[in-house]
Amino acid sequence: MKYFKRHEVNYALILPVFLLFLLSIAVQYGASVLDGIDPGPVVVRQLFFCIIAAIALFAGSLLSTTFLLRFSGIFYVLSLGLMTLLYWFYDPVMFELTHTKRWIRIGRFTLQPSEIMKLAFVLFMVYLTLLYEKRQIQRTIKSDCFYILKIVLYSLPTFLLMYMQRDFGTSLVFIVMLGALFVISGVHWKLLTVIFTVLAVVGGLLLLLVFTDWGNTMLFRLHFKPYQLDRVKAWADPFAYQDSIAYQQVQSMWAIGSGGLLGASDTHIPVYVPVRESDMIFTVIGESFGFLGSSLVIFLYFYLIYQIIFAALRTNNKASVYLSITFVFGLVFQIFENIGAAIGLLPLTGIPLPFLSQGGTSLIAVGLSLGIIFGLEKAYAPKKTFPIN
């Protein structure tokens, strides 16, 4: 029983979560109406996943940080095993639609293991970080180098599976979370400078390869697909490709723009947007509620993020802070990338908008992650910074 705990309800944190659950049902209803689909089954399905996510949130809040970190290695290995199963038990329907093996079909539902991996990845990397800090009394550049090397080696199976599944967008989420963990854990600034410089150079080189014929040939040899390169080209000059590779992004911008300040009128003819219910769910908000509604949704996200950070800092517990900040940066990146892609600011990567995009696995995984944050131990004693004894 020591791994379970009782705690007071943090109403300031549960409020934005509850509102986002309600909003997810509303926008899925709106997406089905705009696409001319019967909204009944869509709403029931979304409501079902919201209830499961709420149960996962409650269950996660009962688990102590000690328990989660102590068994994070097992959780990580199991998540890797689940992702490996995709090569034999992938969903053939989704494979036909996306030409990728990212989903496992279980009856009428699909499971996306990479969403579960996000939580397992954060827990295990935070555990390794805390273990390093506990054993390394005097941190140096050399010791930080070995720490980073260890993290990279343990992360390698995840990135290898992401690469084999051609899930570049989710890979970026993992990279952002690792970067946040390195910064918050106090890795030496010289090493951080080298890491971020290397990433910037690699990013610039990839852009160069995308916009040159010889670069495209090289990327194809590395198993990049034409649609992945097309997304970057479409982002660079969307209206030049509005009838081909940039069709989805241009339609998204038209849909959001048609909402005006307060949303489109009842006589408005909906703008068709491919995959509106998933990657482009923000277009439903922009078209239906306009600039004001879109701003309120973004404010709601940032209020949630503020409450997560505030809850972590109140614990005065290093493990809690590391878990929360790493998770928050992954969440912020997904929000920024999805909305940025919808308005043409960033290229499309297929990253869902947390809570609102269609996808039960993502919603449940976010619910479980938030549950863990809800249940963070109130360890106010400064000496209690490492929960593993």
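Which residues in α8 meet which residues in α9? Before we get there, a word on the model: it is predicted, so local features need pLDDT of at least 70 and side-chain atom pairs count only at pLDDT 80 or more, while totals for chains, interfaces and linings use all residues. Residues are numbered from 1 along each chain as its sequence is written, and side-chain values use heavy atoms, with hydrogens and water left out.

Let's start with the whole chain. You will find 16 helices and two strands, taken as DSSP runs (helices H or I, at least four residues; strands E, at least two) and numbered from the N terminus. The C-alpha trace spans about 65 × 55 × 40 Å along its principal axes. Of the 389 residues, 49% count as buried, meaning under 20% relative accessible area with a 1.4 Å probe and protein chains only. Among contacts (heavy atoms within 4.5 Å) between residues at least 6 apart in sequence, 71% join residues at least 24 apart.

Now to our helix pair. Helix α8 covers residues 141-164 and helix α9 residues 168-184; they pack at an angle of about 165°, with their axes 11 Å apart. Axes here are lines fitted to C-alpha atoms over the stretch in contact, and angles run from 0 to 180 degrees between N-to-C directions. That makes α8 roughly antiparallel to α9, the word for angles over 145 degrees.

On the α8 side, the contact is made by Tyr147, Ile148, Ile151, Ser155, Thr158, Phe159 and Met162, which meet Thr170, Ser171, Phe174, Ile175, Leu178, Leu181 and Phe182 in α9. By class, this contact of α8 with α9 has ten nonpolar, four polar and no charged residues; Ala, Val, Leu, Ile, Met, Phe, Trp, Tyr, Cys and Pro count as nonpolar, Asp, Glu, Lys and Arg as charged, and the others, Gly among them, as polar.

Notes: Angles under 35 degrees count as roughly parallel, over 145 as roughly antiparallel, 65 to 115 as roughly perpendicular and the rest as oblique. Buried means under 20% relative accessible area, exposed over 50%, partly exposed in between (1.4 Å probe, protein chains only).
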